[in-house]
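Reader: I have a structure open and want to go through it with you. Can we start with the overall dimensions and then move to details?

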Amino acid sequence: MKGDMMNQNYDFSGVIDRKGTNSIKWDRREEIFSNSSITPLWVADSDWPTAPEILESLQERLEHGVFGYTYPGEEIKEAVCSWFRRRYDWKIKKNWVNLIRGVVPALNIAVSELTSPEAGVIIQPPVYYPFYEVIERNDREIIKNSLILDNGQYKMDFAGLKEQAAADRAEMLLLCSPHNPVGRVWSDEELKRLLKICRNNEITIIADEIHADFIFSGSSHTPLASLGRENKDKILTLNSPTKTFNLAGLKISYAVTAESELREKFDSACQRTIKGANIFGYQALKTAYQEGEAWLEKQLEYLKGNLELTGDILGDLEGIDLIEPEGTYLVWLDFSASELKKEAIEELLFDRAEAGLEPGCWFGEEGEGFYRLNLATQKKILKPALEALRENWQKRHKVLEE
C-alpha cells in the first residue's frame, strides 16, 4: 500500500471547504477583516490535506483505539536526524533533538530561561510578529536590527548588528531563516557573518527555521548551526514538520542543540512547561520524515506555479512591487509607491476586492505599506482573488472618488 502511494499522482487542486472547522484562517474572517465573505490569504497554513501517507498512518493509529500515556520512541528522533542528513547534509545526533509542542512556545521559553531579566534581544524586522510578543511578555528589551531593502531585495544590516551585539544588555538574537515575511533565504556568507558577530559577543542565537523546506529554485537553505562549531556555539535551532506537511493542529515541533550547556538549560525549562507532544503528532512526524518527501516535492511544484500565477496577474501593476521570495510560501507585496493611505488600500483589498492579505504593520513599523500574501491555496481560490485585486487596483482612482 505505502509503496503504491509513493508513485501516485498527488493532487493539490481540489478545493476542500474548511469553514465550520474552527479554522483561524477561514472562520475568523469577520473578526479579522470585518468581512465574512473575504478570501483569506493570510495566516500561514495550507488549504490542502496533508500527505496521504500521513493520513493512512494516522488512520492506522486511530483504529488501534487505545491512546494512553505515550513516549516518543527512538525512531522519532532518528527520523529527524535522517531528514536533516538527506535534505541539508547536516549530521545531527539524536541526543541533540528535543521534542516539544510548538516553535512559538519554544521561543517564549528560550527568551524567558536563557536570558537574564531585562536583557536585550535582537530581532530583524519586519519579522514574524510573535518575535515581538515573546520578548515583551518576558519583560526583555527589543533591540531592532532592521533589514535593509535594497533594489528589491532585503539584506542584513551587519554594521548595525555589530554595534548592537556589543551592547552590554544584548544577550540573544532571534533569527528567522528563511525569513518570514520577506522571503529571503540567507546565503552561507550572510549566515557566517552573523554567526561571527554573535560568537565574538557571546550572543545566544535562536534560529527559527520552520520554513526551511520551502525553497524555490536558485536558492538553498543552510541550517545556521551546521556552520557553527559543534559543542561551542550557542545556537538553538527550532523546526517542525507542521508548516511543510500542514500539521499545525497536531502541535509537534523540536529543538536541535549541539552545545551541551544550552541544551541542558533548555531541556530543563521544557520539562516544566512544553516537553513532549501528543500521540498523533509523534506518528505524523515520523511518517512525514520517512515517507513524505515525494509529496513535498509535488507541493513545491504547485507552489511555484502559484508564485508564477501571482507574478503574471500582479507583476505589472503600477504602485505594487512584488518582492520575489527565495523561500517560504509567502509573498511580500510593497504598496508604498502607490502613495495611498493605509485606509484606502485596505478598502480596496478587503471591501472591494475581498482579498484577505495580512497587513505588513503586524510585522513591525518596517512593514508599513506592505501586505503578506499566502500562496498555499488552490488556484481556483487564488486566481479569482488576484484578478479581483488587479481589477480594483487598476480602477482605484475612480473607486476612491465614489
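Author: This is a predicted model. Its chain has 402 residues, for which a compact globule would have a radius of gyration near 21 Å; the chain has 21 Å, so the value agrees with that of a globule.

Reader: What box do the C-alpha atoms fill?

Author: Along the principal axes, the box is roughly 65 × 55 × 35 Å.

Reader: And how many helices and strands does the chain have?

Author: There are 15 helices and 15 strands.

Reader: What share of the residues counts as buried?

Author: 56% of the 402 residues. As for contacts with a separation of 6 or more, 75% of them come from residues 24 or more positions apart.

Reader: Which residues touch the most other members in the largest nonpolar core?

Author: Leu 175 and Leu 194, out of 97 residues in that core. Helix H12, residues 293-314, gives the most to this core, with nine residues.

Reader: What is Leu 194 in contact with, leaving aside neighbours within four places in sequence?

Author: Its partners are Gln 124, Met 156, Phe 158, Leu 161, Leu 173, Leu 175, Ile 205 and Leu 224.

Reader: Helix packing next. At what angle do H6 and H10 pack?

Author: About 115°, with the axes of H6 (residues 103-114) and H10 (residues 260-272) 10 Å apart. H6 passes H10 in a right-handed crossing. On the H6 side the contact is made by Ala 106, Ile 109, Ala 110, Glu 113 and Leu 114, and on the H10 side by Leu 262, Lys 265, Phe 266, Ala 269 and Arg 272.

Reader: How does that contact of H6 with H10 split by class?

Author: Seven nonpolar, no polar and three charged residues.

Reader: And H6 against H7, what are the angle and the distance there?

Author: The axes of H6 and H7 (residues 130-137) cross at roughly 35° and come within 9 Å. That crossing is right-handed. H6 brings Val 104, Leu 107, Asn 108 and Val 111 to the contact, while H7 brings Pro 130, Phe 131, Val 134 and Ile 135. Seven of these residues are nonpolar, one is polar and none is charged.

Reader: Backbone checks. Which peptide bond has omega near 5°?

Author: The one from Pro 125 to Pro 126, which is cis. Pro 126 sits in the loop between strand S3 (120-123) and H7. The bond from Ser 177 to Pro 178 is also cis, with omega near -5°. Pro 178 is in the loop between strand S7 (170-176) and helix H9 (188-200).

Reader: Which residue other than glycine has a positive phi near 75°?

Author: Thr 328. It lies in the loop between strand S11 (321-323) and strand S12 (330-334). Asn 246 has a positive phi too, near 55°, and belongs to the loop between strand S9 (235-239) and strand S10 (253-256).

Reader: Is Thr 328 buried or exposed?

Author: Thr 328 has a relative accessible area of 1%, so it is buried; the cut-off for buried is under 20%.

Reader: Last one: where is Gly 292?

Author: In the loop between helix H11 (279-291) and H12. Gly 292 is buried, because its relative accessible area is 1%. Not counting residues up to four places away in sequence, Gly 292 touches Phe 245 and Thr 287.

Methods:
Residues are numbered from 1 along each chain as its sequence is written. This is a predicted model: local features need pLDDT of at least 70, side-chain atom pairs count only at pLDDT 80 or more; totals for chains, interfaces and linings use all residues. Side-chain values use heavy atoms; hydrogens and water are left out. Axes are lines fitted to C-alpha atoms, for helices over the stretch in contact, and angles run from 0 to 180 degrees between N-to-C directions. Helices (H or I, at least four residues) and strands (E, at least two) are DSSP runs, numbered from the N terminus. A crossing is left-handed if the near helix is turned anticlockwise from the far one by less than a right angle, and right-handed if clockwise. Contact means heavy atoms within 4.5 Å. Ala, Val, Leu, Ile, Met, Phe, Trp, Tyr, Cys and Pro count as nonpolar, Asp, Glu, Lys and Arg as charged, and the others, Gly among them, as polar. A nonpolar core is a set of buried Ala, Val, Leu, Ile, Met, Phe, Trp, Tyr and Cys residues joined through side-chain atoms within 4.5 Å. Buried means under 20% relative accessible area, exposed over 50%, partly exposed in between (1.4 Å probe, protein chains only). The radius of gyration is taken over C-alpha atoms; the globule rule is 2.2 Å times the number of residues to the power 0.38.
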